[in-house]
Amino acid sequence: MTKSRYKPGGFDLAVRKARAGKGLFAKEDIPKGACVTEYFGRTLTREEEYTSRSRYLFEVTKKKTIDGWYKGNVARYINHSCKPNCEVEVYKKRVWVFSKRKIKAGEELGYDYGKSYFDAFLKPIGCRCMKCMSEKQWAKVEAKEAKKKPKKEKKKA
């Protein structure tokens, strides 16, 4: 019996702060071509597809869209990248995430969300992936965001 290509490798992954909010990071090296995880969720009805405000929708086929909002779906934390280290593959109406190259421990996982998503949601606010934003630009964004956060008041004794 041969091992299925569509079986996640059980890699140690972590959700933590990233440039685009929360992101999914490798806690160990992941080899090229490995099945990293599955993107899954509830299948939506046609009406729900048009009325949903979820940002975790994934069109699997023209007749099937899933909402990956479910917190057990760690793949929902994989952010867009213009120079991705992962790619998605739809097989038997399920969505699988594979590594395009060797991914080093500590590296954020990313795949290309596609032109329509990019144009609708990312282009208006600016892409924050490693390819599009230098470390210097990112430091400026972080500093600006830190100034916006209210400082905690000290408790009086």
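The largest nonpolar core holds 19 residues. Ile30, Tyr39, Phe58, Ile78 and Leu109 touch the most other members of that core. The model is predicted.

**Nonpolar core**

- At least two core residues come from each of strand 2 (21-26), strand 3, strand 5 (57-61) and strand 9 (94-99).
- Ile78 is one of the residues that touch the most other core members. Leaving aside residues up to four places away in sequence, Ile78 touches Leu24, Thr37, Val97, Leu109, Gly110, Tyr111 and Tyr113.
- Leu109, a contact of Ile78, is also among the residues that touch the most other core members.

**Phe58**

- Phe58 sits in strand 5.
- Its relative accessibility is 13%, so Phe58 counts as buried. The cut-off for buried is under 20%.
- Not counting residues up to four places away in sequence, Phe58 touches Tyr39, Lys64, Thr65, Ile66, Val88, Val90, Val95 and Tyr111.
- Tyr39 is one of those contacts, and both Tyr39 and Phe58 are among the core residues with the most contacts to other members.
- Phe58 and Arg76 are 18 residues apart along the chain, and their C-alpha atoms are separated by 9.8 Å.

**Sheet around strand 5**

- Strand 5 and strand 6 run antiparallel and are joined by 4 bridges.
- Thr61 stands opposite Lys64 of strand 6. Lys64 is also one of the residues that Phe58 touches.

**Aromatic pairs**

- Phe40 lies in the loop between strand 3 (35-39) and strand 4 (42-43). Tyr70 lies in the loop between strand 6 (64-67) and strand 7 (79-80). The pair therefore ties together parts that are 30 residues apart in sequence.
- Tyr113 and Tyr117 form an edge-to-face pair, with 5.0 Å centre to centre and 75° between the planes.
- Phe40 has 32% relative accessibility, so Phe40 counts as partly exposed.
- Tyr113, at 26% relative accessibility, counts as partly exposed. Tyr117 counts as partly exposed too, at 21%.
- Tyr113 is also one of the residues that Ile78 touches.
- Tyr6, Tyr91, Trp96 and Phe98 are linked into a cluster by ring pairs.

**Arginines over rings**

- Arg5 lies over the face of Phe98, at 4.1 Å from the ring centre. Phe98 belongs to the cluster with Tyr6, Tyr91 and Trp96.
- Arg76 lies over the face of Tyr56, at 4.9 Å from the ring centre.

**Cysteines**

- A disulfide is a covalent bond between the sulfur atoms of two cysteines.
- Is Cys35 buried or exposed? At 5% relative accessibility, Cys35 counts as buried.
- Cys86 is buried too, with a relative accessible area of 1%.

Technical notes. Residues numbered from 1 in each chain as written. Predicted model: local features only at pLDDT ≥ 70, side-chain atom pairs only at ≥ 80, totals over all residues. Heavy atoms only, no water. Buried < 20%, exposed > 50% of the residue type's maximum accessible area, 1.4 Å probe, protein only. Phe/Tyr/Trp six-rings, centres within 6.5 Å; stacked < 30°, edge-to-face > 60°. Lys NZ or Arg CZ within 6 Å of the ring centre and 35° of its normal. Core = buried A, V, L, I, M, F, W, Y, C linked by side-chain atoms within 4.5 Å. Contact = heavy atoms within 4.5 Å. Pairing = 2+ DSSP bridges.
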